[in-house]
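User: I would like to learn how to read the features of a protein model. Could we go through one together?

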Amino acid sequence: MKNNINYDLPFFGKTMEIDVPKEFLFTYFEDTSKHNKWIEGLISEKKIDDKHFEETIKLIGIEEIYYGEVIKYVKDSQIQMTIKSKHFAFKFDYIFEDIGPEKTRLHVSAWLLEKNMVEKLFILIDKYILNRQLKRLKEVAEIEFTTKK
């Protein structure tokens, strides 16, 4: 079977509007104490240094350790990172765009960095998980912003 995945293009791309200021959303996004509210299956997270972190995540009954590295950081505007496990390696790009006093447009892209035999199945699963996580991020960030007003 021919592999038709183009690794130069993201396998996931989504833009969503979130009803909170850009700086609030960025701070909320990078606050590791908030991650368990929107990262599905997150069991634990450990910051190794300013650029590296480790997450233990359990999805579809499988617990796995993911090693992350922030490869680009622009305060209140962009976080780009790689996340690797023993089975997969991904690159994620999160761009935060100010579109009003209490409104942010979040652009998210994800690339698969390493080839393996079950990549197409996991791309489908990951698209589903990423959509759910972004929807949950929007919900919990908006609730927290509203309660802090």
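What follows is a dialogue on reading this predicted model, from confidence and fold down to single residues.

User: What is the mean pLDDT of the chain, and which elements have the lowest and the highest mean?

Analyst: Begin with the predictor's confidence in each residue. Here the chain averages a pLDDT of 88, with 87% of its residues at 70 or more.

User: How many bridges join S1 to S7?

Analyst: S1 and S7 run antiparallel and are joined by 7 bridges. Phe12 is placed opposite Ala110 in S7.

User: How many residues do the hairpins from S5 to S6 and from S6 to S7 pass through?

Analyst: For a hairpin, look at the paired strands and then at the link. Strand S5 (residues 78-84) pairs with strand S6 (residues 89-100) in the antiparallel sense over 7 bridges, and the hairpin between S5 and S6 has 4 residues. Gln80 has Asp93 in S6 as its bridge partner. S6 also pairs with strand S7 (residues 103-112), in the antiparallel sense over 10 bridges. The hairpin from S6 to S7 goes through 2 residues. Asp98 has Thr104 in S7 as its bridge partner.

User: Is Lys22 buried or exposed, and which residues is it in contact with?

Analyst: For a single residue, take its element, its accessibility and its contacts in turn. Lys22 is in helix H1 (residues 22-30). Its relative accessibility is 14%, and buried means under 20%, so Lys22 counts as buried. Apart from neighbours within four places in sequence, Lys22 contacts Asp76, Ser77, Phe96, Glu97, Asp98 and Thr104. Glu97 is 75 residues from Lys22 along the chain, while their C-alpha atoms are separated by 6.7 Å.

User: Which residues is Gln78 in contact with, and is it buried or exposed?

Analyst: Gln78 lies in strand S5. With 12% relative accessibility, Gln78 counts as buried. Leaving aside neighbours within four places in sequence, the contacts of Gln78 are Phe26, Lys72, Tyr73, Asp93, Tyr94, Ile95 and Phe96. Gln78 and Phe26 are 52 residues apart along the chain, with 8.3 Å between their C-alpha atoms.

User: How many aromatic pairs does the structure hold?

Analyst: Ring pairs are sorted by the angle between their planes, and over 60 degrees counts as edge-to-face. The structure holds 10 aromatic pairs. In one of them, the rings of Phe24 and Phe145 have centres 5.1 Å apart and planes at 65°, so this pair is edge-to-face. It links distant parts of the chain, since Phe24 is in helix H1 and Phe145 in helix H2, 121 residues apart. Phe145 has 12% relative accessibility and counts as buried. Phe92 and Tyr94 form a stacked pair, 6.3 Å centre to centre with 25° between the planes. Both Phe92 and Tyr94 are buried.

User: Which residues form the aromatic cluster?

Analyst: One aromatic cluster is formed by Phe11, Phe26, Phe29, Trp38, Tyr73, Phe90, Phe92, Tyr94 and Phe96.

User: What share of the residues in the chain is buried?

Analyst: Of the 149 residues in the chain, 42% are buried. The accessible surface comes to about 8900 Å², and 54% of it belongs to carbon and sulfur atoms.

Notes: Residues numbered from 1 in each chain as written. Predicted model: local features only at pLDDT ≥ 70, side-chain atom pairs only at ≥ 80, totals over all residues. Heavy atoms only, no water. Buried < 20%, exposed > 50% of the residue type's maximum accessible area, 1.4 Å probe, protein only. Contact = heavy atoms within 4.5 Å. pLDDT = per-residue confidence, 0-100. Pairing = 2+ DSSP bridges. Areas by Shrake-Rupley, 256 points an atom, 1.4 Å probe, with all protein chains shown as cover. Phe/Tyr/Trp six-rings, centres within 6.5 Å; stacked < 30°, edge-to-face > 60°.
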